[in-house]
Amino acid sequence: MPDAAASEPPAGDAPKPPAGDAAAALAWLGEMSPDLRAAAILDGDGEVLAADGDPERWREDAAGLFRVADAAGAEPVEGVHVATEQGEVFALRHAGLAAVAVTERFALASLLLFDLRATLRDLARAREAAA
């Protein structure tokens, strides 16, 4: 399967998936990931397309998380995983979209990252089909 990220337009120029698709994707994530506490899906500009809870808080916190992770290297990061005693945070960017998820401690990282990546790929495909 070709990597969509290699040919993606700049984030500001990418059409956004309909909000209903993002909300449905967020609901699917909740069904697929029993350890999920809350999550959000954002566009490449940081606008929240769907979220559990306060969208403004998700926008600010996701931007901060990616800003700190990006500052650690020369290139923007694709994914972030932070584990604490209280729980874990996963953040992933793909094709001008981002997903951030907060889970219980000891969530299966590989499975959650797979679900996040699949969700973003599906939303990106829907966005391309709508364009």
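How far apart are Asp61 and Arg57 in helix 2 (residues 55-71)? Keep in mind as you look that this is a predicted model.

**Stop 1: helix 2**

Select Asp61 and Arg57. They sit four residues apart, so about one helical turn separates them. Show the side chains and you'll see them meet in a salt bridge, at 2.8 Å from N to O. Now put a surface on the pair. Asp61 has 38% relative accessibility, so Asp61 counts as partly exposed. Arg57, at 52%, counts as exposed.

**Stop 2: from helix 2 across to strand 4**

Stay on helix 2 and pick Asp70. Which residue does Asp70 form a salt bridge with? Select Arg93: the closest N and O atoms of this pair are 2.5 Å apart. This pair links distant parts of the chain, since Asp70 is in helix 2 and Arg93 is in strand 4 (residues 88-94), 23 residues away. Both ends are partly exposed, with Asp70 at 22% relative accessibility and Arg93 at 24%.

**Stop 3: a loop and helix 3**

Next, select Glu78 and Arg117, whose side chains meet in a salt bridge with an N to O distance of 3.2 Å. Why does this pair tie together separate parts of the chain? Glu78 lies in the loop between helix 2 and strand 3 (79-83), while Arg117 is in helix 3, so the bridge joins parts that are 39 residues apart in sequence. Glu78 is partly exposed, with a relative accessible area of 44%, and Arg117 counts as partly exposed at 27%. As a general point, side chains of opposite charge can pair when their charged atoms come close.

**Stop 4**

Five of them form an open sheet, in the order 2-1-5-4-3, with antiparallel pairing. Which strands stand at the edges? Strand 2 (48-51) and strand 3 do; each has a single partner strand, so one side of each has no neighbour in the sheet. Ignoring direction, neighbouring strands here are turned by 10° against each other on average.

Zoom in on strand 3 and strand 4, which pair in the antiparallel sense over five bridges. Click on Val80 and look across: Ala91 in strand 4 stands opposite. Then try Ala83, whose bridge partner in strand 4 is Glu88. Follow the chain from strand 3 to strand 4 and you'll trace a hairpin that joins them through four residues.

**Stop 5: helix 3 on the sheet**

Bring helix 3 back into view. What does helix 3 touch as it packs on the sheet? Its contacts are with strand 1 (36-43), strand 3, strand 4 and strand 5, and its direction makes about 30° with that of strand 4.

**Last stop: a nonpolar patch**

Finish with Leu108, Leu111 and Phe114, shown as a surface. Together they make a nonpolar surface patch of about 340 Å². Leu108 is in the loop between strand 5 (97-103) and helix 3 (109-130). Is Leu108 buried or exposed? Its relative accessible area is 59%, so Leu108 is exposed.

Notes: Residues are numbered from 1 along each chain as its sequence is written. This is a predicted model: local features need pLDDT of at least 70, side-chain atom pairs count only at pLDDT 80 or more; totals for chains, interfaces and linings use all residues. Side-chain values use heavy atoms; hydrogens and water are left out. Patches are made of residues with over 30% relative accessible area and no salt bridge: like charges are joined within 9 Å, nonpolar side chains (Val, Leu, Ile, Met, Phe, Trp, Tyr) within 5 Å. Accessible areas come from the Shrake-Rupley method with a 1.4 Å probe; for residues, only the protein chains shown count as cover. A salt bridge is a side-chain nitrogen of Lys or Arg within 4 Å of a carboxyl oxygen of Asp or Glu. Helices (H or I, at least four residues) and strands (E, at least two) are DSSP runs, numbered from the N terminus. Buried means under 20% relative accessible area, exposed over 50%, partly exposed in between (1.4 Å probe, protein chains only). Two strands pair if DSSP finds at least two bridges between them. Axes are lines fitted to C-alpha atoms, for helices over the stretch in contact, and angles run from 0 to 180 degrees between N-to-C directions. Contact means heavy atoms within 4.5 Å.
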